[in-house]
Structure formats: structure tokens, C-alpha cells
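Me: Could you take me through one part of this model closely, strand by strand, and then show me how the chains meet? I'd like it in plain words, please.

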Protein chains: 2
Amino acid sequence: MDLTVNFVRSGAKLVRLGGVLAQSSIIKRGHGRVWKIINQYSCSTSLSTLSYPETVKNINEDKKSLYTTRTHTCGELTSKDAGSKVCLKGWIQYNRKKFLVLRDAYGMTQVLLEEVGGDMQKILDGLTLESVIEVKGEVILRPKDQVNNKMISGDIEIKALSIRVLGAAPSQMPLQIKENKMPTEDTRMKYRYLYLRYPHMQKMLRLRSQLFHSMREFLIQHHFVDVETPTLFRKTPGGAQEFVVPTQIPDHFYSLVQSPQQFKQLLMVGGLDRYFQIARCYRDETVRHDRQPEFTQLDIELSFVDRKSIIKLIEELLNFCWPSEEERPDIPFPQMTYHDAMLNYGSDKPDLRFQSKICDVTHLISPQKMGSNPLNVSSELSARAIVFSKAASICKKENLKEIIKEATKNTSSINLFLIPIKKNQDIKNSLKNVLTVEEIDKIANELKVEEGDLFGFCFGKNQDVLKVLGLTRVLTADALEANGFTVREPNNCFLWVVDFPLFEENDDGSLLSAHHPFTQPHPDDLQLLGTEPLKVRGLHYDLVLNGSEIGGGSIRISDAHLQKYILHDLLHLDTSTLQHLIDALSLGCPPHGGIALGLDRLVSMMTGVKSIREVIAFPKGLRGKDPMAGAPAPLTREDAATYKLPFNHGKSS
Amino acid sequence: MDLTVNFVRSGAKLVRLGGVLAQSSIIKRGHGRVWKIINQYSCSTSLSTLSYPETVKNINEDKKSLYTTRTHTCGELTSKDAGSKVCLKGWIQYNRKKFLVLRDAYGMTQVLLEEVGGDMQKILDGLTLESVIEVKGEVILRPKDQVNNKMISGDIEIKALSIRVLGAAPSQMPLQIKENKMPTEDTRMKYRYLYLRYPHMQKMLRLRSQLFHSMREFLIQHHFVDVETPTLFRKTPGGAQEFVVPTQIPDHFYSLVQSPQQFKQLLMVGGLDRYFQIARCYRDETVRHDRQPEFTQLDIELSFVDRKSIIKLIEELLNFCWPSEEERPDIPFPQMTYHDAMLNYGSDKPDLRFQSKICDVTHLISPQKMGSNPLNVSSELSARAIVFSKAASICKKENLKEIIKEATKNTSSINLFLIPIKKNQDIKNSLKNVLTVEEIDKIANELKVEEGDLFGFCFGKNQDVLKVLGLTRVLTADALEANGFTVREPNNCFLWVVDFPLFEENDDGSLLSAHHPFTQPHPDDLQLLGTEPLKVRGLHYDLVLNGSEIGGGSIRISDAHLQKYILHDLLHLDTSTLQHLIDALSLGCPPHGGIALGLDRLVSMMTGVKSIREVIAFPKGLRGKDPMAGAPAPLTREDAATYKLPFNHGKSS
């Protein structure tokens, strides 16, 4: 269970093991005691409000129980509290004869049900797991042989004086809250509120909250101003698909912002020179895997700034707020140009947790060799190879076939070879139809290919070769790890990728912003804008963590003429919807730049879970659907009328 | 100017006066110096990125200039820095011959342009106000007779060694940034990014940011967990008008949440026992005055809690985060039942900054007196009066007429008398047609009405009388103050209003939740639910500040059966869209409750501005329109097709 394993490392172990050990000690313990219940079990008690228990003093010091009607959490009492009268409230985790284990967000505490007998026993026996109860009682020391040192409350138990049911649960629950019983994704989504009871989800939500607070603390300390910007706005041309929101003004719609980009630039024009926001953003991209229609980013913008200052800011910020001391990333992070990233890793977000660089072997192959062969080496064509050391015997043939299929699915003209070299001869046998023995020897020699390695080789159009080998690199690492072979070091490998091209080319030859149209061109390339725009680099930077892009930003265009030129003359976008921004740039705009970090992804990488759905309290599922509440849903007749929308589902209103 | 006056109190005075005084000292100062400009003025310099100035060491200690290319802000250099080489960047506030005043978010600094002459002088003369420039130079002491002690940087100036234009402004700006020239609301909205340059707006945004951070700090210290909940959800029955959001699933729409109410309750079911969020909420109520389609609330929920614990939490939170020491509100805040608030103030959010209670005088009037008079005193009818001490001569007749018209506009059957008692006889003359002299004497006697008072009187249906006099009370106070008569003490008057009715009655006799259908009925009134639901009080509490509701909350229903009974049997709402919540309550739900504070309103009251548009960086104007960017806007053809929406405005795409 991926989730559990991860949280064991980050501290959940105590709680989880505590539960299990508490359970086993329950089974061993006493018999024949007398039971006494003061408040009889009754479902209706959950209707009445609770009053602060007057008889027990709130001796809690760590504030977790301030402003509540409990005196302590289930994760704090120890032998120091022996003799105290306490009031705990929580969920029944285990119910074994004369013992209960009570769970709350902070831990588990064992409750001893003494001095009770007769009919009361039956009521206690009827207590269902996951019911919420109140236990008033006295802290007593456990017998020495039953002390559990791995549990915070392992040296005490509560001798119950009264028990009251606050919220009963049925005997059949849709899912059981046991760390070793992970429900399916469907169940986790439908009964999200139950899934949140799992200790690892409790931990995750707290870690996320604490992380965000640390980020804010760092930024506030450095005089950044937290400004909330609108989410109801108008469409920004040339970006992601934005949700639209009908209004009561006929035929007029808001768009939900895909980021606060325009607002943060306007704030700079407004003289607010250090802005940040943990911002909710919206993109209607739910058809793509693991995308959420709404997501959270740390959004930052500064005036009077350059690229290296922003890079330093983010490094120091992440260093400051990193939740675990031993995994705190070293700063500064390495930097790599887009050009080098593509050339060596076939990706603009290389995963540096493992080596296996892509190597150019074009020069080792005879250019005149074959006329019909696409390997007509020119600047547009290349041959490249990659070596996975000692990995020949790890993957099955089917794995390799799958990798080849997946890596070349969008570039079918490319021949990808992925050869496990179990014997020296294997490489020659596999490549004999495309290369001469001499060529193969030269390549094997230069790349120091050895028996036992896994060898990848590919030739063709340079861009395609790099893309295919970049994919091959990651897919092979995944496959090797799925087969138990360690490829990646578990460290947090941060990397800045810089000097991206400012533009990409559409299929029809028109230009497209590589990131967004507000990115400042590199000053050294300005003279190429009118002539060779595809060669212009932008002052954009991406932050990559373990092969995922977790953030990106740029120095912005702060000159109205240049902004208009790029939008209108180069990108051929309608500037009328951006006139306010162009106006703003012309009215005394400071040089400025910023960045946005995707926080859902960052948290998922910090906690080692694969899906961002595991780090969001109430995520949407496939196609943006919420299986819990049934959102999105058909309109009501009234809403259809209010917003002049077609009404096709009368039955649902 | 309301805005300015307020900010003078909270610290902007220094900056504002600083500016003015700096200006006057500029005019007095030297002539005939030699000018020298190193970097020639050129608009194109704003295209190139700035690099960190290598020649000047960053000696800034307060972090405002860390990660930037400036060394200091315009609000920090003093005589201690004399001799330092500095690099400042900011907006030109004044440009007088051989001096500039440079402004940034932190203050103003005077720049001395020495050793320059010839053609350069012309360029300097051409510098426009509100242009962004870089000044590198040396801090020098001002001559002793020109030291300005009211300005942070008043004892120094910068001897400019180089000046560079980073972002030019035109000579004609849409608005001038001068505190004594407040633009119209229209201009403030259209050129919001320029309006934000005003020092009072800079202060406000910083205060808001700091306030929110203090709130978070308090809550995190007390182990509350900051959880982001979805804004794309499905309609909650029985609330405000919610925006709908079309999706790419045919005929399916999200609703934008009007509050995180359901999610915070589900978090409690999920065992996350202390939740908060500074949450974006949405209501399509822009037809109402001073409402924003999106707004911000501090949202809090706790498990195992009672009303008085939540009240205590909010009191201590507000006390902790209050931005000014001298105005910090005393805690605990007073409490008042809904019943008493209505009876004494004719309002469920009484403004306690002034007295003038509403007094019942029904018992002083003969019940049998007049058959045709509506004053047939029964439990349903009453006569009530209100006295504004010494206020007889303040308002004009027209003012009083307006108050009467406004206060009775929804209750035309009511006769309201508002009598300035300039002479003792006035009250008798005015009321002689409805009361006997004896009755008038008794009333005047009991209420200690004196010559010089303003006296209000009203009779009729009890509810109407209270509503009319409640309105009269506030409108009269407004009118008196508009005429320069101090009525309200400037203190922050907090008040809890409790014991609201759980239900209100629709015109057709059906029930309506007074707040929302998740409010727990008062335990003492539970037995009345089935028989006299209008008599049932809810465990709801409102927080009132100076006559405005700034927050409200309740203990929630945590029993599935009761929740279903209220939704289905009493309110006759369709429970199918809330089935997930009802399910959740049945699966082990803790008793819980919470509150939400309206932060836009709170900040506006803290800063003493009347409209919440003044405390939001980018507010919407009338009908939810954004005059700056033109949102909402017609759909594009592509969006209409994507979301299967009617397309009527092809020209806009």
C-alpha cells in the first residue's frame, strides 16, 4: 500500500502501530469486572447540545482542546496525567469485550470499561465501530507488563466513569477505517468524508495546512502582500479552455480565471511591488488524466526584479517551508537550459533522480551508408542511444514491447530499439539490419555498453528521436522499478530549466506562445523578433521536481508597445480584450516578474503519493465529476430561466 | 475626504504630510547646479531586463528589497545611511527643477539632481509624473534648515549619480495620484491599477493581508487546519441564488458555492475536528447595493463544541488579530437575545454606538379610547417611542420628512411621528389628534422628554412598529451626523445576538429557515418542532459590529433523522440533492458547530470606509460589472459551441 508506506516514514507509524498493539493488548486483558454506565446509551442524546463539563478542569496545555467540550485529545495523555479526571471524545476504533479504543485526529487511547454489568453490558456490546462517543473517566496507569512504548498513550488507559453516544454509526459501514484495508478509488471518492478519517489523510491535510502557512509566513516576513484577486473575470485569449459563467445580464458571461496573471501584473502597475496569493485557479481540462477543474497555486509577483532574484526567492522559500528536516532540499538548485534538457534527457522536465543520459552517436555512423535508410545524417537527422546499466534481465519481453509501443505512439515513423544485452552478441544481432558491425562496435565502445546492460537506440528526425528516447528513459525507469530494480534515488531532485523558446510553431506555421504572451523576450534576442521569432528565447523559467513541472514563471513584458506588437503582429490575437492591460503598461509600469507553483502537485510529491486526488480534501474524479454529491448536475427549471439557458431536464428540478 | 481622514488616523499621515512637506521644501531649494546624467533617458530601456547592481552592496536589513534590483525602498533611508551608495526605484511624484520626489509603496524620498547641464537638462525636464525611474546615487544629509522631521527620509536626500527611465508615463494621466484629489468612483473602477497607487490603498491592502495572516496564525497556533474546499459543486437547496457553470458533459452544470457549509460539516464527519479557511464564496446578488458576486469569508468549524466555546474563540481571535492596539475591542462582547434586540432596537443587528432605545408606551395609553383608531391595544398592537436627546434643532424639516418616508416605505399603514421639541408645547401640538394631553404627559414624563429633544412615536401592529422605529433610529442618527451632530461614539461596538427563531413564515404560511436548514434547534424547544415550529429557537448566533452583521454561525444538526425531518417534513425541500450529507450524519457524526465572518465588511469597518469596494483590490461595480476589463462579456463562438450555449454575439469572438 503506497499510501501507508509513505506515511510510516513521516510519523504516522506511531499511531498505526499503536492501534494494532493496543488491539492485541485488549484481547489479553481482564475479565469479570463490574460495569457501570452513568448515561444510558440513547441515540437521541446526539440531538442535545453538549455543555462544557463543569466537573473536569481543562488541564490541556497544547490548545488542541481549547474551545471544545473535551478536556484532551486521544493522542496526548501519558503517565504524567495519572489520577486526572478527563473527558475524551472520539470514534470507536476497536470494541473488545471490556475495552474500547477511542480514536480521534490526534491518536488513540484505550478505555477500560470497569464496574459495569447486567443490562448495561448488552448496551456496551451493541456499540458499533465508528460511532462517536464521549468518555468521562480517570487516567490510570496500565499494569507494567501491558505498557506499550510505541503508543503515545501506551502507558495509561482511561477508567470510564460514564459513556455517552454522540453520533451512532450503523453496524455495516461503507468502508472500514483500517490502514491495512484501503478502499477502492471509487469508494474513496463516494465516501470521501469517511476516507478522511484515515490517519494518513488526517496527516496529509495537516501537512498541507502547515506547509501553506509556512509559505505565507516566509512571504509575509519578506513584506509580500497577500492580495485576493477575482476569479470571475473575462476570457484571456490564447490560454487553456476557461469555464464560462452565465450572468443575469443577457448574453454576458464571466470566465473563471485560469490564473491571476493579469491581476498580478496590474498590481505591479498599481505600485504594490511584492504580491503573493495562494490562489484558486480553474481550467476545463478534465478530459486529461489527473487534472482537476479547480486547483491551487502559489502565485508570486515582484517589481524591480530579475530572473536570478526570483529563482533565489523560490529556493529560499522552499528551503524554509520544507516540512521534514532530513529531506530539506539543498539550495541553490541546479539550472539547465531548455536546449541541454532536450538534448540530454529528451524532455523539458528531466527527472534527475537517475542518470542514463541520451547520447548522440550520429558521428559514429557512416552518412553515405544507405540511400533508402532515413539515416541520412544532416542537421535535421540524428542517431542517439541510451544505456540502463545492469538492467538487461529485469524487464520481461512484454514490458519492453509496451515501452516501445508507448514511446513511439505519436511518432510512428521512428524505429526504436530496446535491447537487453544478456550476451555481448545481442546488440549486434538486434541492429545488424541497420548498422554495420564497425558502427555498432564504435557505439558500444564510446558508450561503454557492457554485458548486462539494457540498451536503447533510435534514429530519424532529430526532434522525434529526442522525444522518443526521452519517453523511453522515463518509461524504462518505471518498468524497472515496477520489477523491483532501484533506478531513482529517493531524493528531491529540483532543477531550474531556463532559456525556453518564446514561441512554438503551429501546424499551419503560425506562432504560438510557448508559455504565455506576457513573457519578456531575452534581451540578447530582441533583434530577432521581427525576423526569426522562433529563435527568440524568453525570460521564462520552469521549476522541475523529480521529472514533474511544479512551477513556472517569467520576467514580464512591461512595455506597452512590445506587448501589443507580440499580441497583435506576431500572435495575431485580438487585443481588444486585453486593452486594459496594454493601457496599464503604458501608464508607468515597473519592470516585473513572477512565478506560480502548483501546490497540489508539490504536496503530492512531498508526501510521495502519485495522484493529486490524494492530497485534496474533496477532489473531482474522472471528467470533473464528484461521485459523492453528484456534481455537476442538471439545471433546475428556475436557474435555466434566470440565466436564459436551454432547459432539457425538467425531472431533476 | 472620508478615506483620507481615516488613514491619517492609522498612520498614513506621515506619508501624506511627508509628501506635501517634501514638495514645499523642493520649491525653496537651490539653483545653478551642474547636472550630469549617466544613462540617457530612453523609452527602450524598459525593454531590457535589469541586472542586480554589482557596484552597490545590498545593505538593506528589513527585507523589503531582498530579491530585487533596488537596494532600498523610498521609505527607509535616514541620516544613518549618509554616505551610502544606493539604488532606488519608484514613481515620480513631484518634478520641480533640480529635484525629484520618488514614491514607492513605502514612502517618498527626495532626489537631488546635481552636476547636470546642457541637453541633459531638457531630458530631465521632459520626465513625466508617474513615470517609473531608477535612481542610483549617494545618500547625503539635507542642510539643517531643510530637515523635515515628519517624513521618514526627511533628513536626507539622494544625490543622483545616474537616472534611468524604466517605464514612462504620458504627460496626461487618466488620474493624478494626489491624496487631495480623489477620483470619482467610475474612474477608480476603470483605472483600478492607478487608484491602487494611492497611499491609502497601499495601506489598506497591507492591513488586509496582515489581518488575514494574524487570523491564520491564531488559528494554526490553536491547531485548526486550513482546508481548501471546492467552489465548483452542486446547488444547495433553499439558499441564495447561486451562479451555474456549464460543463462539457451535456446539460450538466456546477454551481459556485455560496459558502463551504456542506464541506465543513463533511470534514467534521471526516474526523478533522478543527477546520478553518479564508474562503472565496459566490452569490448572484449583484442587483443589491454594495454586494459583490464573489466575496471572502473566514470560515470555521469545530467538533465537540458548544455555542459559548465558539463565541469565546471568535472573541479571542478578533482580540488577537486587531490591527491597532488602542482600538482593540474589549472581550467578552456583550450578548443580546434576538427578542431583546428587536424590542429595544427594532433590529436584529442593533448599532450600540448610541443609546436611544425604543420604549414601550402602550401601557400609558387608554385602550378603550377610540374605536376607529388602530390603537386597539392587544398583544398584537403596541405604541412605542424613541428620544434623541438635544437633537431637536439639528435636522431640517426636509430631513425629518425623508426619514419618515424611508422608514415607513414598506409599512404604509403605520403613522410615524418625528417631532423636534423646540418648545414644550410642540409634542402636544403634534400628537393632539391621536393622544390625550394626559397620555402625552405620561409618555413625556416616563421617557423624560425635555425641551430640545427629538421625539419619535409610532403605533400599530407590533412588528411594524418595531421595524419602523428601528429604521427611524438608524436613519435619524445618520441624518444628525450628516448635519454635524455627534451621535455615535467611534468605538468598535461588538455584540452577539443569540436565540434567533429557527424558522420564518413565508407569505403562504410555509416555513423558511431563518438562517439555513442545518442549524440545530435549541434543545429546550425540541418538543415544539412538530407543533409550533415558529416558536422554536435555533442555536444560531450573529456577530454584530456597529450595526452591521459581520458574522454568523450555529451549532449544526448532527443527527441524520432530525436533519431529514427538518428538510423534508418541515421545509418541504427536495432532499435528494443533500443525500450525501444526510448519509454522512448517519455514519458516526460528532456534534459540531461553526461560524463565518464576512472579511470584506470587517476590513471596511476596521478602516472606516463605507463601501466594501474600497477594501477589495479589484471589485466589481454595479450589476457585477468590471468597468476596467469589461467583464462579463459576450461568449466567443467557440465557447458557445463547447458548452452548447445559445450564441447571439458573433461579432465579439
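Reply: In chain A, strand β12 (residues 335-337) runs parallel to β17(A), and three bridges join them; two strands count as paired if DSSP finds at least two bridges between them. Within this pairing, Thr337(A) stands opposite Val498(A) of β17(A). Strand β20 (residues 540-545) of chain A also pairs with β17(A), here in the antiparallel sense and over five bridges. In that pairing Leu495(A) faces Val544(A) of β20(A). Helices and strands here are DSSP runs numbered from the N terminus, with helices being H or I of at least four residues and strands being E of at least two.

Before going further, a word on the source: this is a predicted model, in which local features need pLDDT of at least 70 and side-chain atom pairs count only at pLDDT 80 or more, while totals for chains, interfaces and linings use all residues. Residues are numbered from 1 along each chain as its sequence is written, chains are lettered from A and ligands numbered from 1 in the order in which they are written, and side-chain values use heavy atoms, leaving out hydrogens and water.

Back to β17(A), which covers residues 494-498: five of its five residues are buried. Buried means under 20% relative accessible area, exposed means over 50%, and partly exposed lies in between (1.4 Å probe, protein chains only). Phe494(A), Trp496(A) and Val498(A) point one way from the strand, Leu495(A) and Val497(A) point the other way, and all are buried. For chain A as a whole, 59% of the 653 residues count as buried, and the secondary structure comes to 16 helices and 22 strands.

Now for the meeting of the chains. Contact means heavy atoms within 4.5 Å, and the interface takes 145 residues from chain B and 145 residues from chain A. Between them the two chains bury about 12,500 Å², 59% of it on carbon and sulfur atoms; buried area is the accessible area (1.4 Å probe) that two parts lose on being put together, summed over both. There are 10 salt bridges between chain B and chain A, each a side-chain nitrogen of Lys or Arg within 4 Å of a carboxyl oxygen of Asp or Glu. One of them links Lys235(B) with Asp639(A), whose closest N and O atoms are 3.1 Å apart. On chain B's side of the contact, helix α5 (residues 199-221) gives the largest share, 13 residues. Strands cross between the chains as well: two bridges join strand β9 (residues 252-256) of chain A to strand β23 (residues 633-634) of chain B, and these run antiparallel. There, Phe253(A) stands opposite Ala633(B).

A few backbone details in chain B are worth a look too. The peptide bond from Ala631(B) to Pro632(B) is cis, with omega near -10 degrees, and Pro632(B) sits in the loop between α15 (599-607) and β23 of chain B. Another cis bond runs from Ile331(B) to Pro332(B), with omega near -5 degrees; Pro332(B) is in the loop between α7 (307-321) and β12 (335-337) of chain B. Asn546(B), in the loop between β20 (540-545) and β21 (548-555) of chain B, has a positive phi near 50 degrees although it is not glycine. Asn546(B) counts as buried because its relative accessible area is 9%.
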